[in-house]
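Trainee: I am new to this one. Can we walk through the features together?

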Amino acid sequence: MFIDSHTHIQMSQFDKDRRAVIRRAGKAGVEKILAIGIDYETSLAAAELADEYHNVYATVGVHPHNAESATRAELLDIPNLTQHPKVLAFGEMGLDYYRNHSTPKAQKKVFAEQLEMAADRGMPIVIHNREAYHDILPILEALDDGAFGVMHCFTGSVALMHRCLALENVYIGIGGIVTYPKAIDVHAVAREVPADRLLIETDCPWLAPQPWRGKRNEPAYVRAVAEKIAELRGTTVAEIGKITSENFAALFAPK
Ligand code: NI
């Protein structure tokens, strides 16, 4: 059994066949799917999808790309969604200096506000980082109660992984990139990450693993991520499914 810890199945890319996609995931052994919000609308849609499907859970938050476009009212409404029993975390939130759809200043402000919301409610966080470790790590290291969450779609070096792991309750999310032949850093991280800190994800509809690379991704393909990690670690795919499902339960505590 597997858990896809990072998906966007509530988004329009799945409007035509969402039911079939979720069914295929179940057939592939994917027992739970976490639908991740990137703004108010997709956070609400994630919570609504969790109402509809027993195996879907949700997170709520504003992605750094949307830091500038999110209105004050939307940002202030997001915490209300956490009253929903299947909303498990805040995010995805963080910093993205690769695309810079929002200015770093706006990104940092909205990130800080959400970190506070999560801390107030004692909820874990889903962190998006792209080319921003130098700013994200000091922010997480300075949190009063320590960071409690996942570095989703981790693509950094083993050294950066160790800095993240020094934050005692931070997990490493590995996605489809690990199946790409040239992703040497991700291969190394997948080998080295301690078994009790690893999560698997698809980040669908993006970043499909080989052999679907370039096509729409979906939760069923998380199995390919688990298979590649098992191969890199010299273990079985069942073992990867087991440990990552236990880690998911430890971090997100789904009911
Ligand atoms: Ni994502």
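Mentor: Start with metal donors: they are N, O and S atoms within 2.8 Å of the metal (3.2 Å for Na, K and Ca), and sites may look incomplete because water is not among the atoms. Keep in mind that this is a predicted model, where local features need pLDDT of at least 70, side-chain atom pairs count only at pLDDT 80 or more, and totals for chains, interfaces and linings use all residues. Residues are numbered from 1 along each chain as its sequence is written, and side-chain values use heavy atoms, with hydrogens and water left out.

Trainee: Which residues coordinate the nickel ion?

Mentor: H6 and H8 each give NE2, E92 gives OE, and D203 gives OD. The distances are 2.2 to 2.4 Å. In sequence, the donor residues are spaced H-x1-H-x83-E-x110-D. The pair H8 and E92 links distant parts of the chain, 84 residues apart. H8 sits in the loop between strand 1 and helix 1 (18-27), and E92 sits in strand 4.

Trainee: How are helices and strands numbered?

Mentor: They are DSSP runs, numbered from the N terminus: helices are H or I with at least four residues, strands are E with at least two.

Trainee: What is the geometry of the nickel site?

Mentor: Ideal angles at a metal are 109.5 degrees for four tetrahedral donors, and 90 or 180 degrees for six octahedral ones. As for the cut-offs, four donors count as tetrahedral if all angles lie between 85 and 135 degrees. Four count as square planar and six as octahedral if opposite donors are over 155 degrees apart and all others between 65 and 115. Anything else is irregular. Here the 4 donor atoms make angles of 84 to 175 degrees, and the site is irregular.

Trainee: Are H8 and E92 buried or exposed?

Mentor: Buried means under 20% relative accessible area, exposed over 50%, and partly exposed in between (1.4 Å probe, protein chains only). H8 has 1%, so H8 is buried. E92 has 2%, so E92 is buried.

Trainee: Where is G91, and what does G91 touch?

Mentor: G91 is in strand 4 (residues 87-96). At 0% relative accessibility, G91 is buried. Contact means heavy atoms within 4.5 Å. Not counting residues up to four places away in sequence, G91 touches I36, G37, T59, V60, G61 and V126.

Trainee: How should I read helix 8?

Mentor: Check the length. The expected span of a helix is 1.5 Å times one less than its number of residues. Helix 8 (residues 222-233) has 12 residues and should span 16 Å; its end C-alpha atoms are 17 Å apart, so the two agree. After helix 8 comes G234, with a positive phi near 65 degrees.

Trainee: Which residues of helix 8 are buried, and what covers them?

Mentor: An α-helix has 3.6 residues a turn, so residues three or four places apart point the same way. In helix 8 the buried residues are V222, A224, V225, A226, K228, I229, A230 and L232. Their cover includes strand 1 (2-7), strand 2 (30-36), helix 7 (184-192) and helix 9 (237-252).

Trainee: How do helix 7 and helix 8 pack?

Mentor: Axes are lines fitted to C-alpha atoms, for helices over the stretch in contact, and angles run from 0 to 180 degrees between N-to-C directions. Helix 7 and helix 8 pack at about 70 degrees, with axes 8 Å apart. That makes them roughly perpendicular. The cut-offs are under 35 degrees for roughly parallel, over 145 for roughly antiparallel, 65 to 115 for roughly perpendicular, and oblique for the rest. H187, A190, R191 and E192 of helix 7 meet K228, I229, L232 and R233 of helix 8.

Trainee: What is found in the loop between strand 8 and helix 8?

Mentor: Look at the backbone. P205 is there, and a cis peptide bond joins C204 to P205, with omega about 15 degrees. L207 has a positive phi near 55 degrees, in a residue other than glycine. At 30% relative accessibility, L207 is partly exposed. A220 is also in the loop, and A220 is buried at 11%. A220 touches R24, A25, A28 and V30, not counting residues up to four places away in sequence.
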